[in-house]
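Me: Please go through the strand and helix packing in this entry, one question at a time.

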Amino acid sequence: MPEIRVTPLGAGQDVGRSCILVSIGGKNVMLDCGMHMGYNDDRRFPDFSYITRNGRLTDFLDCVIISHFHLDHCGALPYFSEMVGYDGPIYMTHPTQAICPILLEDYRKIAVDKKGEANFFTSQMIKDCMKKVVAVRLHQTVQVDEELQIKAYYAGHVLGAAMFQIKVGSESVVYTGDYNMTPDRHLGAAWIDKCRPNLLITESTYATTIRDSKRCRERDFLKKVHETVERGGKVLIPVFALGRAQELCILLETFWERMNLKAPIYFSTGLTEKANHYYKLFITWTNQKIRKTFVQRNMFEFKHIKAFDRAFADNPGPMVVFATPGMLHAGQSLQIFRKWAGNEKNMVIMPGYCVQGTVGHKILSGQRKLEMEGRQVLEIRMQVEYIQGLLPDAKKPRLLHGTLIMKDSNFRLVSSEQALKELGLAEHQLRFTCRVHLHDSRKEQETAARVYSHLKSLLKDHCVQHLPDGSVTVESILIQAAAHSEDPGTKVLLVSWTYQDEELGSYLTSLLKKGLPPAPSGGS
Amino acid sequence: MAAHLKKRVYEEFTKVVQQQEEITTKKLRLTKPSKSAALHIDLCKATSPADALQYLLQFARKPVEAESVEGVVRILLEHYYKENDPSVRLKIASLLGLLSKTAGFSPDCIMDDAINILQNEKSHQVLAQLLDTLLAIGTKLSENQAIQMRLVDVACKHLTDTSHGVRNKCLQLLGNLGSLEKSGTKDAEGLAIRDVQKIIGDYFSDQDPRVRTAAIKAMLQLHERGLKLHQTIYNQACKLLSDDYEQVRSAAVQLIWVVSQLYPESIVPIPSSNEEIRLVDDAFGKICHMVSDGSWVVRVQAAKLLGSMEQVSSHFLEQTLDKKLMSDLRRKRTAHERAKELYSSGEFSSGRKWGDDAPKEEVDTGAVNLIQSGACGAFVHGLEDEMYEVRIAAVEALCMLAQSSSSFAEKCLDFLVDMFNDEIEEVRLQSIHTMRKISNNITLREDQLDTILGVLEDSSRDIREALHELLCCANVSTKEGIHLALVELLKNLTKYPTDRDSIWKCLKFLGSRHPTLVLPLVPELLSTHPFFDTAEPDMDDPAYIAVLVLIFNAAKSCPTMPALFSDHTFRHYAYLRDSLSHLVPALRLSGRKLVSSAVSPNITPHEDPSHQFLQQSLERVYSLQHLDPQGTQELLEFTIRDLQRLGELQSELAGVADFSAAYLRCQLLLIKALQEKLWNVAAPLYLKQSDLASAAAKQIMEETYKMEFMYSGVENKQVVIIHHMRLQAKALQLIVTARTTRGVDLLFGMCEKFLQEVDFFQRCFIADLPHLQDSFVDKLLDLMPRLITSKPAEVVKILQTMLRQSTFLHLPLPEQIHKASATIIEPAGESDNPLRFTSGLVVALDVDATLEHVQDPQSTVKVQVLYPDGQAQMIHPKPADFRNPGPGRHRLITQVYLSHTAWTEPCQVEVRLLLAYNSNSRIPKSPWMEGGEISAQAETSIEGTIPFSKPVKVYIMPKPTRR
């Protein structure tokens with residue numbers, strides 16, 4: 001039996017940067033090509049150099065498959081195809097093909113224009129990359145070459161999300177990407193036929209979580225909005241432009257329609273308008289209700305939801321505003337928030353997870369006074385609500401609960417340790433390593449000792465040890481010193497830390513990069 | 001002979017090809033053997049198989065009489081043997097099957113031939129068709145055991161065929177004809193009686209999914225025919241649940257359900273453990289699992305069947321609302337202690353009860369199998385399904401199960417409330433109805449009530465009214481709940497003023513159900529103050545009336561409440577008691593003169609004085625048979641007047657009173673008509689005088705149609721009397737015509753028709769004839785032989801004397817009778833703004849009407865539009881436009897399309913509802929018509945219509961087209 005080899009280049013143990021390499025029947029397929037939101041360094045993108053040490057990617061990979069347009073599944077695509085260099089086919093569904101470049105461009109703008117990063121992919125690269133895309137339809141069997149065939153199935157989750165079956169001869173792999181088994185207001189449930197794969201690669205972030213009843217959550221949200229509007233208050237819903245925002249729009253739109261409400265709903269313009277256009281277009285990808293009624297009226301032709309204008313925020317009377325970005329860290333949503341925060345009749349509803357340090361995170365953790373730039377203090381009188389679970393999209397890192405394994409052609413849900421034991425595998429430790437160059441002409445042991453004493457003096461709260469073999473450990477972080485192969489005057493410090501110790505690890509690295517303090521007086 | 005005829009016809013009509021065919025068929029039908037002969041000729045003429053097929057197809061379109069079937073069959077068989085083309089043979093085989101179904105034809109003679117040709121047939125398709133034919137024959141001859149056995153034998157032989165179609169048909173045959181008793185009489189010919197179940201069961205594992213499906217269906221067919229299925233089938237069927245094909249799974253779910261109903265208490269082992277559970281519980285778990293099947297067809301099927309599994313144990317039932325097992329890995333890790341806690345806290349986490357006889361060894365984490373999680377969360381999944389069909393099925397099942405188990409009803413409440421927020425209106429409506437049906441079992445908590453009341457703002461009228469109905473029979477636990485409900489209802493009233501009646505009615509029931517909860521709210525609701533007089537509220541305010549309706553209905557069973565009323569409240573009570581007597585009950589108000597004299601409710605209808613009055617007045621009429629004509633007329637007139645007034649006063653007697661009055665009116669008209677002077681004078685002189693008599697005849701006819709079709713609850717006894725009256729009216733008409741027209745031709749036809757009617761009457765009501773002693777028809781039937789032979793003039797003379805001599809028949813009153821009525825709510829007919837539209841195009845007019853006591857409104861209720869130019873249009877509403885909010889009530893919400901040529905100024909059109917009837921529907925259908933297109937037309941044909949709603953005027957203005 002030919003073996004199937006799976007190499008996760010990302011998303012193995014953490015969330016984000018999905019990129020999985022599968023070798024099946026002599027064919028190499030790359031599943032997704034995502035980026036990691038949490039890093040701004042090289043770890044942002046998968047390490048493509050791992051695939052072929054020096055050879056061309058095009059020679060090695062038979063195809064690339066993108067499951068959906070979220071950046072953690074497609075964000076590294078232009079980098080991969082244009083900067084690293086790949087000219088083979090990239091398969092994705094039509095909606096993904098349409099929406100993906102919009103998101104990539106948006107991401108590029110933020111990275112280059114706002115953060116001023118150099119060496120990033122350009123707009124032209126996005127365009128060139130999209131030229132390599134081959135669009136597939138649902139249930140269409142695409143013959144990549146004589147042996148390799150792929151087939152897409154509906155996955156829910158976001159518009160155009162798909163699960164893929166990859167088949168070579170009698171061997172097959174199913175890759176689910178992110179998928180939803182419960183339909184929501186705008187998308188249906190994932191479906192696949194009994195294809196009996198040899199291997200199933202599935203998303204399992206929420207595998208062991210019991211969701212609340214979907215309707216319960218929706219009702220809660222609607223009730224909050226409705227009550228505030230009836231009181232005459234204004235509701236601010238900070239959202240990200242795509243995906244769940246549309247679901248909330250549909251939810252409010254139908255509720256307004258049903259309940260005959262008159263208060264205006266606004267949606268901040270820009271990216272969203274473009275995206276809404278695609279939602280209108282790809283009606284076959286939506287759920288039963290929208291598909292059946294679009295002949296009378298396309299549900300995305302909102303009747304009650306209008307485009308927002310900056311001046312509207314000062315209008316009297318109740319209103320609901322969807323504004324970007326979702327974590328209240330900048331832009332329109334923050335502006336509106338500052339205007340409305342003082343009135344206790346108003347309400348802000350945070351529909352998703354907020355990263356630490358953002359205004360969204362602060363207000364959710366109960367802070368009632370915010371220091372804004374220019375030493376202003378903003379007192380928050382408006383109500384702050386959080387609908388946890390309505391949008392399970394929030395990609396917050398969490399520990400793996402369980403593993404779904406296939407055994408005797410049955411699925412079982414077991415703990416990860418149990419799974420490893422049954423499969424006879426050793427647990428893989430995800431470690432990050434970093435090289436720091438130091439100008440130090442002394443011997444390695446001495447360098448290590450200097451590092452040890454330096455760290456010891458700085459990190460009082462941590463356990464710093466100097467091991468007999470010459471390496472230094474800070475908690476679980478390992479630091480080794482080695483001589484540079486070419487330049488004996490330079491020493492290379494190898495810093496390695498586990499995924500869990502990211503914070504301390506990056507701190508140490510930055511510390512070491514600043515260099516060591518001048519050698520104690522005993523020297524020269 | 002037929003050939004000869006045809007030849008002649010050809011000669012005559014060589015030019016008009018179309019016409020020629022029509023006429024030939026007509027003529028051929030008259031001669032008996034022609035059918036088969038013509039077919040024979042056609043088939044002989046056919047040069048190619050395609051031709052022959054065309055002839056056969058044409059032939060199949062026309063009916064064949066029972067007498068000529070045999071001949072046709074012979075000819076078909078003859079051709080079958082000669083035919084080489086399988087498609088033609090296929091058609092012949094299918095024709096044989098159709099023909100053998102003809103009523104009055106016994107197909108045993110063709111069975112041998114059919115079996116014979118079956119043995120030599122090579123084509124699989126033809127074989128399948130032949131088996132189908134045999135099935136038709138076998139079904140026809142279901143009494144004959146030997147034939148059945150033989151057919152079963154044939155089917156068994158062909159079961160090994162390679163084609164799935166043939167195996168399918170064989171299984172179908174076995175299912176339909178397989179012998180039911182295993183120990184049936186041993187046949188002398190040595191045909192061993194086969195165990196049909198076993199044979200069919202073997203095909204559960206056929207390689208073709210279609211055959212597997214057919215096998216399961218055959219098994220179900222056996223069950224339907226009354227054979228008790230073996231329990232062993234259960235395990236086989238369970239394996240089929242994981243089949244790859246949805247139709248197999250769907251059928252298997254059905255089969256499992258059937259077996260679970262047959263052996264609910266049997267014990268089955270749980271695989272991979274040493275425990276056992278009841279079969280019905282096991283089956284329930286398995287069907288629950290199918291609610292998350294990949295195919296929505298199977299999901300719908302499974303969800304529907306769950307509703308009818310009432311024997312299932314309660315803890316399995318309650319698991320369907322709980323998803324915990326699916327997920328809770330952490331709990332499983334320390335399974336034992338956790339399990340105990342769970343058990344003591346009354347939660348359930350697996351298919352078995354923890355604790356009693358659970359295995360003692362450590363629970364292996366790996367043993368928690370997702371696939372066999374059974375009943376867990378079945379409804380949670382069903383209610384959140386992607387397809388609304390599944391959701392509706394789940395809601396229905398929930399309703400049925402909750403009706404049989406009150407604890408389950410309590411538990412599923414939250415889920416039902418959640419469904420009020422579904423995106424599809426149909427689902428929301430269904431869940432509200434479901435909630436209403438189970439509301440006797442439950443008491444609503446305040447938070448639940450709050451959610452429910454939120455739906456009152458829904459813009460759909462159906463939803464709001466369903467919700468009002470729900471509140472009518474809901475149990476509320478606290479006074480805050482009542483207050484909340486009232487506030488929300490009043491909010492609803494201001495937002496949608498058209499809901500007024502529905503809201504008042506809802507508050508009436510809310511008040512009468514919760515008197516003790518309303519009591520503490522009274523001062524606040526009436527805004528009375530202990531020291532000060534408050535302003536008197538506006539009596540015409542619908543919201544104030546709503547509050548009063550709630551309070552007065554509560555006060556009915558709470559005697560202390562009136563003490564809290566202020567003076568004006570009593571005055572308002574008196575006013576409302578008069579104006580809205582159906583909403584405001586009679587109160588016993590001590591020391592007040594306002595006590596109304598309404599009947600106390602504990603008097604049964606028969607002791608009710610008004611009912612007695614009705615009886616007496618009717619008896620008076622019937623007993624006074626021999627009063628002088630003048631007196632009879634007067635008495636009838638008075639009685640009719642009395643009855644009409646009674647009907648207006650007592651709504652529950654309105655049906656009976658109107659019905660009786662209508663009958664008396666017919667009698668009165670008849671008597672009046674017979675007393676016309678024209679009868680004594682020579683006919684030609686009184687041409688004009690006859691107007692009154694013929695008008696009377698016409699009116700009687702109309703009244704009798706109304707009596708027959710406008711009342712629900714009319715029984716056969718009354719129908720006879722009504723038809724009798726109509727017959728008398730027809731006789732009267734005949735006599736009048738005879739007297740006023742000259743010439744015999746017309747009269748001849750009428751006479752014949754009348755005698756046919758009499759004959760028809762006799763045939764239809766032969767059983768009731770003994771009750772009609774001394775009546776018109778009784779005498780008529782005595783003289784029937786004489787009438788048939790005599791000339792029209794004589795017939796008329798006889799009829800005239802008989803009509804005068806006949807006695808007045810007593811109309812027995814039916815138990816429950818209600819007059820059909822309709823009210824058009826919309827259009828309201830008050831608008832001054834004409835509906836403008838471009839002439840030649842159409843405009844849609846929304847029509848909303850309530851119908852009461854209309855039977856089968858889908859086929860009888862029509863909308864009529866009358867244009868000012870006298871043009872009338874009848875519109876047939878779609879069956880889906882009718883809703884059934886309660887027993888005896890219907891609601892018609894439809895759109896009527898109006899169109900007209902341009903008018904110079906706006907004008908009014910009239911819209912009204914009609915009740916269509918067809919008195920011929922009582923005629924037993926001729927066998928030949930069965931299933932044909934012709935009969936479908938006959939059924940929908942309308943003999944006449946009765947307007948039964950007030951017309952509403954709509955102002956419209958068709959504008960000329962702009963060019």
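**Sheet and helix packing**

Me: In what order do the strands of the open sheet in chain A lie?
Reply: The open sheet has 6 strands with mixed pairing; strands are DSSP runs (E, at least two residues; helices H or I, at least four) numbered from the N terminus, and two strands pair if DSSP finds at least two bridges between them. This is a predicted model, where local features need pLDDT of at least 70, side-chain atom pairs count only at pLDDT 80 or more, and totals for chains, interfaces and linings use all residues. Residues are numbered from 1 along each chain as written, chains are lettered from A and ligands numbered from 1 in written order, and side-chain values use heavy atoms, without hydrogens and water. The order in chain A is E1-E2-E3-E4-E5-E6.

Me: Which strands of chain A stand at the edges?
Reply: An edge strand here has a single partner strand, so one side of it is left without a neighbour in the sheet. In chain A these are E1 (4-10) and E6 (133-136).

Me: Which residue in E5(A) stands opposite A:Ile65?
Reply: Strands E4 (residues 63-65) and E5 (residues 90-93) of chain A run parallel and are joined by 2 bridges. Opposite A:Ile65 stands A:Tyr91.

Me: Are H16(B) and H22(B) roughly parallel or roughly antiparallel?
Reply: H16 (residues 296-306) and H22 (residues 388-404) of chain B pack with axes 7 Å apart, at about 10 degrees. Angles under 35 degrees count as roughly parallel and over 145 as roughly antiparallel, so H16(B) and H22(B) are roughly parallel.

Note on methods:
Axes fitted to C-alpha atoms, helices over the stretch in contact; angles between N-to-C directions. Parallel < 35°, antiparallel > 145°, perpendicular 65-115°, else oblique.
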